[in-house]
Amino acid sequence: MAELAELEDPKTRRVNEKHGDDHGVNLSKLRALAKRLKTQQELARQLWETDDTAARLLALLICRPKAFEHDELDGMLREARTPKVHDWLVNYVVKKNPHSEELRLSWSADPDPVVASAGWALTTERVAKKPDGLDLSGLLDIIEAEMKDAPDRLQWAMNHCLAQIGIEHAEYRTRAIAIGERLEVLKDYPTSPGCTSPFAPTWINEMVRRQHDT
């Protein structure tokens with residue numbers, strides 16, 4: 001904790017706080033610290049219990065993803081208050097855990113929109129890597145009905161799923177683009193030069209074009 005406190009930088013904190021992340025540790029330095037510590041499951045649990053954002057991010061880098069139980073991960077997700085902790089927990093830990101599919105199903109139906117967004121993130125992963133057994137048409141039905149009015153984090157996760165369906169599954173591409181165009185979610189999102197817009201029709205068309213170019 002003392003070492004993390006030394007890495008705290010006010011400028012980094014100001015930038016992070018604009019995105020809802022209450023820490024000031026440069027992530028490259030955090031990763032370097034994690035590399036030195038290597039995998040330490042017990043230390044990871046202790047760091048998580050501090051409720052400190054930088055400590056929790058470090059915990060997620062040094063933990064053993066498959067060592068967590070279902071209920072433990074469910075509790076951790078509900079405690080993950082900041083976007084970066086939430087994102088790393090889902091992507092670095094839950095996706096590699098044997099309970100990920102059960103959690104995907106329960107979280108997707110959760111009334112808490114932040115929890116539900118984690119379920120959608122796991123669904124997006126399956127759309128890309130293991131679509132067998134997924135009802136893609138049914139997912140598009142839900143996105144079409146609910147994405148427009150969903151809270152920010154949930155809306156973002158649903159939009160990513162919409163784009164992924166359109167990118168990976170040609171038979172649903174026309175419908176995915178049409179849903180995106182009609183709902184206009186993230187249509188005016190500010191995008192840096194050289195970056196792809198998160199507006200689903202633009203995103204889908206750009207990724208498909210790149211696939212054809214390679």
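Reader: A disulfide here is a pair of cysteine sulfur atoms within 2.5 Å. How many disulfides does that rule give?

Author: Keep in mind that this is a predicted model. A disulfide is a covalent bond between the sulfur atoms of two cysteines. Cysteines do turn up here, including C161, which is buried at a relative accessible area of 0%, and C195, which is partly exposed at 49%. Even so, with the 2.5 Å cut-off, the number of disulfides is 0.

Reader: OK, what about salt bridges: which residue pairs with E3?

Author: Side chains of opposite charge can pair when their charged atoms come close. E3 sits in helix α1 and its partner in helix α3, so the pair ties together parts 33 residues apart in sequence. The closest N and O atoms are 2.8 Å apart, and the partner is R36.

Reader: And is R126 buried or exposed?

Author: R126, in helix α9, meets E101, in helix α8, so this pair ties together parts 25 residues apart. Their salt bridge spans 2.9 Å, N to O. E101 has 29% relative accessibility and counts as partly exposed. Buried means under 20%, so R126, at 15%, counts as buried.

Reader: How many salt bridges does the structure hold?

Author: Another one joins R175 and E144, with the closest N and O atoms 3.0 Å apart. That pair links helix α12 to helix α10. Some bridges share partners, joining D22, D51, R56, E79 and R81 into one network. The total is 21.

Reader: What is the volume of the largest cavity?

Author: The structure holds 1 cavity of 30 Å³ or more. Among the residues lining the largest cavity are R56, E79 and R81, and the lining divides into 2 nonpolar, 2 polar and 4 charged residues. The volume is about 40 Å³.

Technical notes:
Residues numbered from 1 in each chain as written. Predicted model: local features only at pLDDT ≥ 70, side-chain atom pairs only at ≥ 80, totals over all residues. Heavy atoms only, no water. Buried < 20%, exposed > 50% of the residue type's maximum accessible area, 1.4 Å probe, protein only. 1 Å grid on protein atoms, 1.4 Å probe; cavity = no way out; pocket = protein on both sides within 12 Å on 5 of 7 lines; lining within 4 Å. Points joined across faces, edges and corners; volume = space filled by probe spheres on them. Nonpolar A, V, L, I, M, F, W, Y, C, P; charged D, E, K, R; others polar. Salt bridge = Lys/Arg side-chain N within 4 Å of Asp/Glu carboxyl O. Helix = DSSP H or I, 4+ residues; strand = E, 2+ residues; numbered from the N terminus.
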